[in-house]
Amino acid sequence: MKNEWIISDNSLNEEDLLKNESIFNVSNGYIGIRGNFEEKYPDYYGTIRGSYINAFYEEVPIQYGEKAYAFPEKMQKIVNITDAQNVSIIIDGEKFSLFEGTVKSLNRYLDMEDGCYVREIWWVSPLGKELKIKITRLASLKYLELFTINYEIEKVNFDEGIIIESGIDGDVTNFTNESDPRLSSGHANILSVVSMVVENDIMQIVSETKNSKKLVAVTTKHSCNVNCDVSLLNAYKVAKTIFKTEPGKEIINFTKYNVYTDSRRYKSLVSQGIDIVDKLSRKPFEEILNEQRDYLKEFWSLADINIQGDEKLKLGLRYNLFQLLQAVGKDSKSNIAAKGLSGEGYEGHYFWDTEIYMLPFFTLCKPELAKGLLKYRFSILDSARQRARELGHKKGAAYPWRTIIGKECSAYFPGGTAQYHINADIAYSYIQYYLATGDIEFIKECGAEVLFETARIWIEIGHFHKGEFKIDAVTGPDEYTAIVNNNYYTNAMAKYNLKWATKLYYELLDKDPQMLNSLCNKISLLEEEIQQFARAYENMCLPYDKELKINAQDDSFLSKAVWDFENTPKEKYPLLLNYHPLTIYRYQVLKQADTVLAHFLVEDESDIQTIKNSYDYYEKITTHDSSLSCAAYSIMASKIGYLDKAYEYFIETARLDLDDTHGNTKDGVHTANMGGTWMAIVYGFAGLRIKENYISLTPKLPKKWSGLKFNFLYKGAHIQVDMSVDKTEITIQCDCPINLKINNVLYEIVSNQKIEIGILPNK
Ligand code: BGC
């Protein structure tokens, strides 16, 4: 049914309009355009009109009140580039606007099967001229440079000609907000126009970032099915093409083709922009739309998750997966920004969000894209090594907490650079990718070096004390607790990193000594270091509280006072916007899952009772002020049998942006949470885990659902899980043997097979 693939919202309230600019963004991993109106809102309305290129950034100075050694001097910031959205329709001197005349009907929606965003409007001008307009736009998933807009215009009660003005506007600035640390507070003017061409039915604006002199070109052409008188206009920073259509009743079909090229990817961005737009504008819009549909058909054939019995959540889940596809960088030069390409929150930066929350989806459903994301991390390994030296580490690599091209961009080190766990998170994702795909060649090419270099950091920052390996002065995922000793999450993940670096070293020594030898020469790695890795992980300190029988979040956490939740009114959340960090740091209060997340990622480090006790303890003091929290709690609630809770947390994740539950969707969608929704199903309800020589499943179904069906790939096998109330069917299509554990029973699959099991009872 079509409605199962449609997200619609017709509200014209200012707040909803802003939110929907993010919700209705069209992106393809290279370009991203917010869902602004072509004809704009009235001037008194707020808007964040934005177009972005993934990893197209400007370097801006960081201004500190007090600066200390090795603080980053500059940071990268995504640039709001030339606006190619502008199209106005004029009849009798009156401009079409949803805020003038009469709107007889409006239907505004995103179609996730076709991959386009549509507005269907029946409008009567103040002078009584009626128009039916359908505006369809998309960022092509096949031609990554292309953002195209199509207009179908029907003149209902008149046949005079109309005017269509189409512009590209180089007079753009970035969005700033002084009072929200999640947004930039300065540097709005970072792009300036360097040249404009308006000739031979082509408009092109080339702009340059002010400091780093990177170039971006937007090149535009049009097509129109009716005869027009066409004129071109070159005004201050704005190029325009004006079409005066001849009188007549024919439905006008008008397409605007905008092509984006930038100097980070294109050697001759000006001529290449023109060539590409020339080629693509020969394709009718319908053809581009069909190609978009085909791309998505293939995507959904594997990625779709069918929930039976919960239409709203199913839609939310599909929206989240669609956004992940729109956000993911597809060229190994870029990654997935915390807000995708839907807004400027977090300035287009990449965080650990990618590895821990989004890569799992790509690893299991689109492995070639996962590989691209991992290659990106490999491409910035040199910067990470340099950062390690700046931080005083003799060896190893320290991945930046937030970045675009590899240099640290975090100006607040207690919540940024101190989150050393990002090193282990990256290593973890390489290993999970390897275990899920068996792609040892890629591990030899990139993974081994990343694993060794990240592992080295733990030796640099850790030390032995009374026989245990301890790691001091780090911040774990919970940003309401900073700079602590022996954060359980960090230590447990570092252990995994060290263990796998050791394991891989000996595996390669056995299977490909020549390759290992040349890598060891390249990074001067000695076997003694590997022995150090082994000693460190074997003796890793993993804090445990004997009285509470839980893993302590860190050495000092449990001796702090508990935050006064009872007397904290609702409007004081998120705490980070209402309390000084030091106030927050003094209490037992979590922004997001920390130990609970570690219990998911490295579950074999603790027994199930400790995991359960810890969940019960930390849940009470977690605010979920970060959107990364609920998914982790949902997964773990499923694991320990709190199915109703797992379901409640899942609901929080599934519609977080659609319902704007965090109140900041206007700044962009929350991509990590979107990956978390998928994980809450696949790792949560279905209980998937990727282990060393097998994968395991422990399917459970929330009470409200009558069924759940999803697919994934494991070592080339296509696995379909079809859960219903009383049974689960697992269909495996494979050419080579794989091992699958279902509810703790091991199945050694050698060829295509179907397994049927009873489902675990709802608890
Ligand atoms: C979270 C971090 C996350 C960042 C970007 C913060 O609010 O605490 O864990 O990496 O947002 O999404």
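Which strand is Ile252 found in? Select Ile252 and you land in strand β19, residues 252-262. We will come back to this residue after a look at the whole model.

**Before you start**

What you have open is a predicted model, in which local features need pLDDT of at least 70 and side-chain atom pairs count only at pLDDT 80 or more, while totals for chains, interfaces and linings use all residues. Residues are numbered from 1 along each chain as its sequence is written, and side-chain values use heavy atoms, with hydrogens and water left out.

**The whole protein**

You can look for 18 helices and 34 strands; helices (H or I, at least four residues) and strands (E, at least two) are DSSP runs, numbered from the N terminus. Along the principal axes, the C-alpha atoms fill a box of roughly 85 × 60 × 60 Å. The radius of gyration of the protein is 27 Å, which agrees with the value near 27 Å for a compact globule of 763 residues. That radius is taken over C-alpha atoms, and the globule rule is 2.2 Å times the number of residues to the power 0.38.

Of the 763 residues, 62% are buried. Here buried means under 20% relative accessible area, exposed means over 50%, and partly exposed lies in between (1.4 Å probe, protein chains only).

Next, colour the charges. There are 87 positive and 105 negative charges, and their mean positions are 2 Å apart. Lys and Arg count as positive and Asp and Glu as negative, while His and the chain ends are not counted; each charge is placed at NZ of Lys, CZ of Arg, CG of Asp or CD of Glu.

Contacts are worth a thought too: among those between residues at least 6 apart in sequence, 68% join residues at least 24 apart. A contact means heavy atoms within 4.5 Å.

**Two domains**

Colour residues 2-283 as domain 1 and residues 687-763 as domain 2. These bounds come from an automatic or database domain assignment. The C-alpha centres of domain 1 and domain 2 lie 45 Å apart.

**Back to Ile252**

Zoom in on Ile252 again. Ile252 is buried, because its relative accessible area is 1%. Not counting residues up to four places away in sequence, Ile252 touches Tyr151, Glu152, Ile153, Lys155, Ile162, Ile164, Cys224, Asn225, Val226 and Thr245.

Select Ser88 in strand β7, residues 87-91. Ser88 counts as buried, at 13% relative accessibility. Beyond four places away in sequence, Ser88 touches Lys95, Ile163, Ile164 and Glu165.

Then move to Ser51, in strand β4, residues 51-53. Is Ser51 buried or exposed? Ser51 counts as buried, at 1% relative accessibility. Leaving aside neighbours within four places in sequence, its contacts include Gly32, Ile33, Val79, Asn80 and Tyr260. Gly343 is 292 residues from Ser51 along the chain, with 8.4 Å between their C-alpha atoms.

Select Asn486, in the loop between β22 (468-471) and α10 (488-511). Asn486 is not a glycine, yet has a positive phi of about 55 degrees. Its relative accessible area is 0%, so Asn486 is buried.

Step into helix α10 itself and pick Lys499. At 38% relative accessibility, Lys499 counts as partly exposed. Ile530 is 31 residues from Lys499 in sequence and 9.5 Å away, C-alpha to C-alpha.

Lys549 sits in the loop between β23 (544-545) and β24 (550-551). What is phi of Lys549 near? Phi of Lys549 is near 60 degrees, a positive value in a residue other than glycine. Lys549 counts as partly exposed, at 46% relative accessibility.

Finish at Pro574, in the loop between β25 (561-562) and α13 (581-585). Show the backbone here: the peptide bond from Tyr573 to Pro574 is cis, with omega near -5 degrees.
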